[in-house]
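Subject: Structure handover

Hello,

Please find the structure below. My notes on it follow.

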Amino acid sequence: MRCQQQLRKGIWLFSLYFLFALLQVKAQNGKIISGKVTDDTGKPVPSVTVQVKGTNTSTSAKNDGTFSIPVTTGNETLVFSSVGFSEKEVPLNGETSITVKLDNTKNTLEDVVVIGYGTQKKRNVSAAVVSFDASKLDERPVNRVDQALVGQMAGVAVKQTSGALGKGFSVQVRGTGSISAGNEPLYVVDGFPLATAAPNTAGNYANGNPLDNINPNDIESIQVLKDAAAAAIYGSRAANGVVIITTKRGRSGKVKLDVNSYAGFLERSKKLDMLNADEWIDRATEMINAQWVASGPGRTADQTNEQRRIILGLAPGAVNTTYMTDDRWAQPGHPGLRFIDWQNEAFRKGLTQNHQVSASGGNEYVRYYMSGNFNRQEGMVINTDYTSYSARANVEVNASKKLHFGINISPTYSISNDPGVEGKDNILHQLLSMTPVQEDTMGLYPNIGNNGQYKWSNSTNSPIGKLQNIIGLTKRFRTITSLYGEYQIIPGLNFKTTVNLDNTDNNSKSFAPYIVASSLATRQAQLTAQSSGSYSSYKKQTFVNENTLSYNKIINDVHDLSLLAGFSYNSDKLDNVTLKSNGGYSQNNISTLNAATGITGSTTESRNVLLSYFGRVQYTYDNKYLLTASLRRDGSSRFGQNTRWGIFPSASVGWRISEEQFMKDIPVINDLKLRGSWGRSGNYNIPDYGTIATVGLYNYSLNGASVVGQAPTGIINPDLTWEKSETYDVGFDVTVLKNRISASFDYYTKNNTALLLNVPVPLVTGTATWLSNAGAVKNKGWEVEVTSRNIVKGAFLWTTTANLSHNTNRVTSLSNDQSQIIIPSAYGASTQHSILRVGDPMYSIYVVKQIGILTQEDINKNAALYGSETVGDPKYFDANGDGVIDLNDRVIVGHPTPNYVWGITNNFRFKGFDLTVLTQGQWGGSIYSLLGRALGRTGQGFTDNPLGFFRDRWRSPDDPGAGKVGKAYSTFGQIANTDWLYSSDYIRVRMITLGYDLGRVIKTKKIVQASRIYITAENFFGHDKYKGGFNPDATNTDLSGNSQFPEPGDYGGLPLPKSLILGVNVTF
Amino acid sequence: MKKITFYIVIIIAGFLSACEKNLDQSPISASPEENFYAQTSDFIQAVNAVYSGLAAYPDRQLNLSETRSDNLYAVSDGGVRDWEGVNDFYKTLAGNTYVTEAWQSNYNAIFKANTVLEKLSEKGSVISDANLKTRLEAETRFLRALFYFDLVRWFGKVPLIDHTVSAAEALQIGRSAVSDVYNLIISDLQFAVANLPDAYTGADKGRATKYSAKGILALVYMTRSGPTYNINGPGLGLSEWDKALAQLNDIIASGKFSFITSYPTIFSYTNENNSEVLFDVEYSTGSTPVVGGTFPWLLVPDTWFQSQGKATQGGLTIRPVSTNLLNSYEAGDTRKAFSIQSGFTYNGVTETRSFFKKYVDVSKTPANRLDWPINFIVMRYTDVLMLKAECILHGAAGTQADVDAIVNQVRARAGLLPIANVSLARLMEERRKEFAAEGSRWHDLVRSGLVESVMTAFEQTDDVQHAMQPFQRNYIIYPVPQSEIDVKQGLYDQNPGY
């Protein structure tokens, strides 16, 4: 509390001072320099930023390339910069009128990259930093910032884990190093480090993803700090890398108005191959006959249903669906039955649209960027949609030569409708396995309302009925605000303070009416008691205050020194409310909880505070030798008194070898820099009060009434401390052939030690695991990025950017000298499939191998069997050679993270046309798909519809099928095996955009400065090997059922949306 | 401008001093342990939490005793169910959910009990009523004994933990000899017998009494008097039938309990805490957090509830009653229809197999399937009488006439004619039907020495699907959960046969 008071006082004082300073602004004495900026062909370049070097005085060139700027002495140097051109410095030497020619054969090494608490020229960067120029993001349809990162940067694996709208992606920088404390990077937006959030055990962000509701069209650039040397300035949150996002700012000059609009459709990019209705009948008949034959002596498959009825002693007309088929299956035209392709019924073509208007401009005192955005997407599944409204104002004020301040504010509001499509036992999973044959009278609505269920169908309530009747509504209001002030104490020495608040209010409402619940008899007997609903909300607030002192000085023209020192205060607060109906609803047409017969609810709050001190030295000698060192000390309230502080140092060196005289003789090399770095960062993603022993409720009942019971929730580790990540990185950046080809290469090893691992302890302690600093994981890999401007002259231009990264990870130790931990399964021992084993990748897949189909000959030769297996059942590999198949025969057969991730972007320009093609992919990883298991397992009943591979099943010794899938009727049960193992390799043409510059046909340049139309195809082409699901990257279900070993996996994830979109960009 | 620099310095200095204190955060929505155990009600609540460790006790008896025995023939029904391996004597049970649960829940409850005992000696002075303090200790020790008794019957040798242990300490404690575990159980129960009240009134009904402790103590003596089978199981071959009988006779002599003449009334939803009950696991419905039970539907197929127009209960598929048990009921035995539902039709599908529905009053189906109100009786007066008969047949004081009288009293209630010269095997057969679905069958088979012959014969007659592995003596107890074996190599040895 006192802290916040101090802070309020501080803010107040600063505000007062700024006001005071503002009044002191007065006209400057001196000279006015005027001039003109052109490109290398002499054409004027508009909107070039002209800055007096070493000051905050800047302006922007007009449309005809002319500018004027005030200077004091006339001997200053002017700096000209513009997107697409190399930055140029021009010493005035007393001249008052100059013409400047900018070089548009841009050298990317001249770019400025944003690093933690500052910027740096790319050529001077000695750590592993990768940049993505996002300023053109509004020229293609992108709905989320993380979507824009897919396939763009080496070492940054971005996975679209959900096809649902508005959902966060998974971003992993250089593999995964933490077993249970999260692997998502820290996001920093305009210097504001957002609260880190790890996905929950099901792969969802229950309390929001940091990038939710951030409008990608407002983004100027994105940098990813990959190695610890770059990231360590963010200390305890940097172990998984840092993603720095910079939003657009205004430039001095005339108002620039941009309108970007697009609209198009989206639909599924993939359909899962399931049996069709005829094939289902064929399989069901086969299984029912087999069940009949097995049910007793004298029962044969050729006995008719009538004969079976008599044998079973059933009344005329009565059926037993276990032993009898539906007579209508075999009748021509199957009268009274309807064949349904459930996937086709649920998927649709949805409209998607986005409209953005932005204005930017300014003068030497004020610069601004403002935008408003409307986005609406209708999902590929009926009754799903997402709408968002967002606005942004970035305003900077130069109060005086020494003082400037600014504010960034971005309120956003989003509404999404999703009745619960993805995940186990949710609608998508259910509709896949829904029986494709139904009574014609019920149509698409079996087991809904007054409809019963088709006797041979599974008992699922119609997924179409659920999609149409269940409400799942989420509304989110988020505002990110940053206020900052910067004061130049003496030339080169600046003090900067920022105050940031990120506030999210999220509420979700769900309602499932009784008509889509339970069975007909129950619905009719209990009516509204089967209705259920809930309302939950969270409020998340991150408050950050950062204060830095920076000093820049160039001594004797060769010693370039930058110093930084600072401290920050960071507080995260989360309030949760959940309310649930209990015992149904009193009325059916009300979806809010006032109509619930009973309500249970609770609220919870938690908070954590992070306090940090940090400093950095950057030194460059003669533009050749680069040195950076940083140190951060973080203290977190999550850890105990004695262990809460951690120190995170880093250092990096670079040698711009191309600046050496002996290299200047090699003209083919324009720039070559060797880099090496080391650093240590941390991970603190544990619950807020993870080191404080608490008592929990363990109520009991006595004499028919509840009594309160309380007891310790378990044993607590008071010495818990930071997870450490140590990275070594060596690399080089090279530019050759007249800047035509630039490339970067990095090799790294990242050792994560003292993992925040839930270490299994003997249950006799009262607890299964305790959070401890134990175990280690090593990631090793290399990354290469190449940009090649293949054709640079003439009407046709072609640029290629490619990246490829390779990562392997190994568990190098566990606790108590354990050699392995078998990851539990949420669905029983028969689906257990993951292992942490020293020497193998994290979450390696550990199952029995299927090696064919059992023949009579195998059985005669005493082949190893699992339980009561017979001919036609799968043949498994007896790994331990003990003559039987059991869990002891499991072997490691794959690992989830891919070995290689790559992306290629090709950009072509021809006259007014531009064409961009982004292709990306991965290989070397595996998926253990529980969806694949649910849809195609041994022992599966006949009602559920299985995967298409059942077409090629074993039917008899004479008709053994493809040798992969055993007989449909199997009674031996199941064991986790390679049946459900799929390769996660894929190649995907993520985006093709074809644009045309309308400026060539519209000549009214007075109003419209630039205009372009484009058409984009997203996810139109691709190939993957995942036959057991839609999306190899999908995560939607908690597979381990254990927060200590989070293992999100696919149990019904949507395919990626494929969209065709027409858009227009206009600049006024 | 100097002023600005001055302000900056002031603000930084003030800020740093104030903010470091902010790192001391304490939970907002949870209660720190250091503030607990400060008043009498805290200790009562702490003991209640130990009772809550019983919550899964009934389910466990159904999963591990009923399902493993000849009462159920729960082989694969297409799907894969965790009970299948229990029923079929799989060797790979070390990873089985039910087996792990038995270890985990009991030790978690023991942890709570040990915590209470330690806190009572550390901070118990806040309890001004000395009798209450002693009673709380006695209740806790009774419960700890019950948890250890449960463990020793499932696993044989188990680690003996009589105080709270750190992770490091736990890694040094291996499995203790069965006899050592019994020593703790018996000393706890003797303390409970000496210090628990005869009965409770009002809101305290359902707590352990002196006679609860005597009943369990008798069963403990009898269990360890059972044969050893040459395994480290619950039987030690001791002959303590007299000791057991003394406890049982005390209960009978107390007059606190009576033999209810209507079998269904014992299990009636409106007759809980009745005069048959020595100790039960208590539940009630409609509270938050839920304090209801799940055991009533555990063996019942979901579709049956639906056929009754009730919401799904999550009972999955059927766990059929064995033909062997069905056939063993004599004609006219009224307990059969009460305990067992034989077949039903739902959605046009006729299920011909039978299942236990002893605890289900379908009219009392709760809105939440995890919230059934009915108590689960751990020991009832009929049990006391029949255990007495068992002691007599093993040579404790008493006559064959006493045995016959007890058995015939039970038979008469079931509508059956009296019999004479009841043998041990015959007594166990009566127990099988009297206590069907009450979770005692496996323990009865093991204690009486019949398990080997009965289960081997059962497999020959009832395992028509040839799904079961041949019975071995090693299967009398379960394996130590694999997760525990994996914690530290060599800490616990695995039971033979697994």
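A search over all chains of this predicted model finds 82 salt bridges in the whole structure, a salt bridge being a side-chain nitrogen of Lys or Arg within 4 Å of a carboxyl oxygen of Asp or Glu. One of them joins the side chains of Arg207(B) and Glu139(B), at 3.0 Å from N to O. That pair links distant parts of the chain, 68 residues apart: Arg207(B) is in the loop between α8 (178–195) and α9 (210–225) of chain B, and Glu139(B) is in helix α6 (residues 130–155) of chain B. Helices (H or I, at least four residues) and strands (E, at least two) are DSSP runs, numbered from the N terminus.

Conventions: residues are numbered from 1 along each chain as its sequence is written, with chains lettered from A and ligands numbered from 1 in the order in which they are written. The model is predicted, local features need pLDDT of at least 70, side-chain atom pairs count only at pLDDT 80 or more, totals for chains, interfaces and linings use all residues, and side-chain values use heavy atoms, with hydrogens and water left out.

Confidence

The predictor gives the complex an ipTM of 0.95 and a pTM of 0.83. The mean pLDDT (the predictor's confidence in each residue, from 0 to 100) is 88 for chain A, where 95% of residues reach 70 or more. For chain B the mean is 93, and 95% of its residues reach 70 or more. Within chain A, confidence is lowest in helix α1 (residues 2–23), at a mean of 47, and highest in strand β33 (residues 700–702), at 97. Over residues 12–28 of chain A, pLDDT stays under 50. For that stretch the model has 22 contacts beyond four places in sequence, contact meaning heavy atoms within 4.5 Å.

Interface

In the interface, 89 residues of chain B are in contact with 92 residues of chain A. The two chains bury about 7,900 Å² between them, 63% of it on carbon and sulfur atoms; buried area is the accessible area (1.4 Å probe) that two parts lose on being put together, summed over both. The rule finds one salt bridge across this interface: the side chains of Asp24(B) and Arg644(A) meet at 2.9 Å, N to O.

There are also 20 residue pairs in polar contact between chain B and chain A, both residues at pLDDT 80 or more. A polar contact is a pair of N or O atoms within 3.5 Å; within protein, one must be able to donate a hydrogen and the other to accept it, and residues adjacent in sequence count only if both atoms are side-chain atoms. Several elements of chain B each supply at least two residues to the side that touches chain A, among them α1 (2–21), α2 (40–52), α5 (97–123) and β4 (349–356). The largest share of that side, 14 residues, comes from α1(B). By class, the side of chain B that touches chain A has 43 nonpolar, 33 polar and 13 charged residues. Here Ala, Val, Leu, Ile, Met, Phe, Trp, Tyr, Cys and Pro count as nonpolar, Asp, Glu, Lys and Arg as charged, and the others, Gly among them, as polar.

Strand pairing also crosses between the chains: two bridges join strand β32 (residues 694–697) of chain A to β1(B), and the strands run antiparallel. Two strands pair if DSSP finds at least two bridges between them. Pro32(B) in β1(B) is the bridge partner of Thr694(A).

Strands in chain A

Strands β21 (residues 385–398) and β22 (residues 403–417) of chain A run antiparallel and are joined by twelve bridges. They form a hairpin with four residues between them, and Val395(A) stands opposite Ile407(A) in β22(A). β22(A) is also joined by 15 bridges to strand β24 (residues 471–490) of chain A, again antiparallel. There, His404(A) has Glu486(A) in β24(A) as its bridge partner.

An open sheet of five strands in chain A has the order β10-β15-β16-β13-β14, with mixed pairing. Its edge strands, β10 (129–133) and β14 (192–193), each pair on one side only.

Backbone

Most residues other than glycine have a negative phi, and most peptide bonds are trans. Asn556(A), not a glycine, has a positive phi of about 55°; Asn556(A) lies in the loop between β26 (532–555) and β27 (559–581) of chain A. The peptide bond from Thr288(B) to Pro289(B) is cis, with omega near -10°.

Regards
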